[in-house]
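Please look over the sequence and the model below.

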Amino acid sequence: RYLRRTMKCRSDVNSLSHHFLLIYDSLIPPDEEKTRQKQLLSLLERLVSKEWPEARLYLYGSCANSFGVCKSDIDVCLTIQDAEIDKSEFLLKLADILQADNLQNYGFHILQALTRARVPIVKLMDPTTGISCDICINNVLAVVNTKLLRDYAQIDERLKQLAYIVKHWAKSRGVNQTYRGTLSSYAYVLMCIHFLQQRRPAILPCLQEMEPTYSVTVDDIECSYFDKVEKLCDFGSRNKETISQLVWAFFNYWAYCHDYANAVISVRSGCLISKQAKYWTRRVGNDRHLICIEDPFDTKHDLGRVVDKFSIKVLREEFERAAEIMQHDPTPWITLLEPY
Ligand code: CTP
Ligand code: MG
């Protein structure tokens, strides 16, 4: 049986919000950064269209989902309608075309080509701005889930505040490294959305359970939800919880309340669902399902699949550390984010 401890929140919790909001403000990228990213994208568009006029480029990930801190890399998806395409070969050709020594006036530094990864990418760097950029091919689902995250972010500001703090905490504590068995930023943002859907009164609605106003089919997956979020800007107003209360409750939930053995968090359905219903109770191959986070569209995909029996321990200890700090530490906004 899982541990469920009901803890009463410290009495001075609201006085901490000011400090968390200062941290949040310091992480927001300045407008110039957005402008530079857009310029880089149009430059890439020009170069790519010379070779492949029908190709399109889309920003996805933190540069487009509202959860990007300053100086983050940009993620670009190139779409091209060619069923026969070999993504790795295509990427190598793309890298070659964009390279500095091929272009007379301008060129990118190719940092890496990860052609064997689950999502193959090339990493390149714009030498004048120093901005790095990952390009992938036909990963349209990522472009669509980026829109979903961006739409959620417009409903209540507390989502951005919470997600920035949680992402910053995860990076500082070394638990945002999927190659080492901890969770992606994308997974942490979904955890925040789910958490705010669960507050009472709810701070966020479940957009996929509402009448759809947006619908696309990608790789045979129907992605539809209510995207007229400007109509929902009052949604969370009955809930008066402050950012520090929410940070406290978020870590308290993942440290002491989540049922790791049986529960799956599901932004798609706006509630918890059972591992049994998804056949996620047993290890299959490398997927152990030790912490279950359902992808909102690719519902067979558990974002917790990267977590193994060692990293789950690290992760849960970090949640407990964070919960204890939020409960007792006199300066939690400092201690919480201390590097590991
Ligand atoms: N993504 C996905 N499935 C995953 C991981 C990522 O579809 N298992 C997509 C999502 O669209 C996500 C994007 O890839 O927005 C980038 O993922 P990630 O790097 O985890 O998130 P960022 O928001 O870019 O965060 P960071 O600031 O850490 O770069
Ligand atoms: Mg990213």
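R10 is buried, because its relative accessibility of 12% falls under the 20% cut-off. This is a predicted model, and in it the side chain of R10 meets that of D12 in a salt bridge, with 2.6 Å from N to O. D12, at a relative accessible area of 34%, is partly exposed. Side chains of opposite charge can pair when their charged atoms come close. Across the whole structure, a search finds 13 salt bridges.

Two further salt bridges lie within helices. In helix α8, which covers residues 311-328, K313 and E317 are 4 residues apart, about one turn of the helix. Their side chains meet in a salt bridge of 3.5 Å, N to O. K313 has a relative accessible area of 53%, so K313 counts as exposed, the cut-off being over 50%. E317, with 45%, is partly exposed. Elsewhere, K147, D151, D227 and K228 are joined into one network by salt bridges that share partners.

Is T146 buried or exposed? Its relative accessibility is 3%, so T146 counts as buried. Apart from neighbours within four places in sequence, T146 is in contact with Y60, G61, A64 and N65.

Helix α4 also takes part in the largest pocket, where it gives the largest share of the lining, 6 residues. The space in this pocket is about 1800 Å³. Its lining has 48 residues, of which Y60, D75, T178, S184 and Y186 are the closest to the centre. Which elements supply at least two residues each to the lining? They are the strands β4 (121-125) and β5 (132-137), together with the helices α4 (140-153), α5 (157-172) and α6 (185-198).

The lining of the largest pocket can also be described by domain and by residue class. Domain 1 (13-27 + 142-335) and domain 2 (31-140) each contribute at least three residues to the lining. By class, 20 lining residues are nonpolar, 16 are polar and 12 are charged.

Terms used. Residues are numbered from 1 along each chain as its sequence is written. Chains are lettered from A and ligands numbered from 1 in the order in which they are written. This is a predicted model: local features need pLDDT of at least 70, side-chain atom pairs count only at pLDDT 80 or more; totals for chains, interfaces and linings use all residues. Side-chain values use heavy atoms; hydrogens and water are left out. On a 1 Å grid over the protein atoms alone, a cavity is a set of points where a 1.4 Å probe fits but cannot get out, and a pocket is an open set with protein on both sides within 12 Å along at least five of seven lines; lining residues have an atom within 4 Å of a point. Grid points are joined across faces, edges and corners, and a volume is the space filled by probe spheres set on the points. Ala, Val, Leu, Ile, Met, Phe, Trp, Tyr, Cys and Pro count as nonpolar, Asp, Glu, Lys and Arg as charged, and the others, Gly among them, as polar. Domain bounds come from an automatic or database domain assignment. Buried means under 20% relative accessible area, exposed over 50%, partly exposed in between (1.4 Å probe, protein chains only). Contact means heavy atoms within 4.5 Å. A salt bridge is a side-chain nitrogen of Lys or Arg within 4 Å of a carboxyl oxygen of Asp or Glu.
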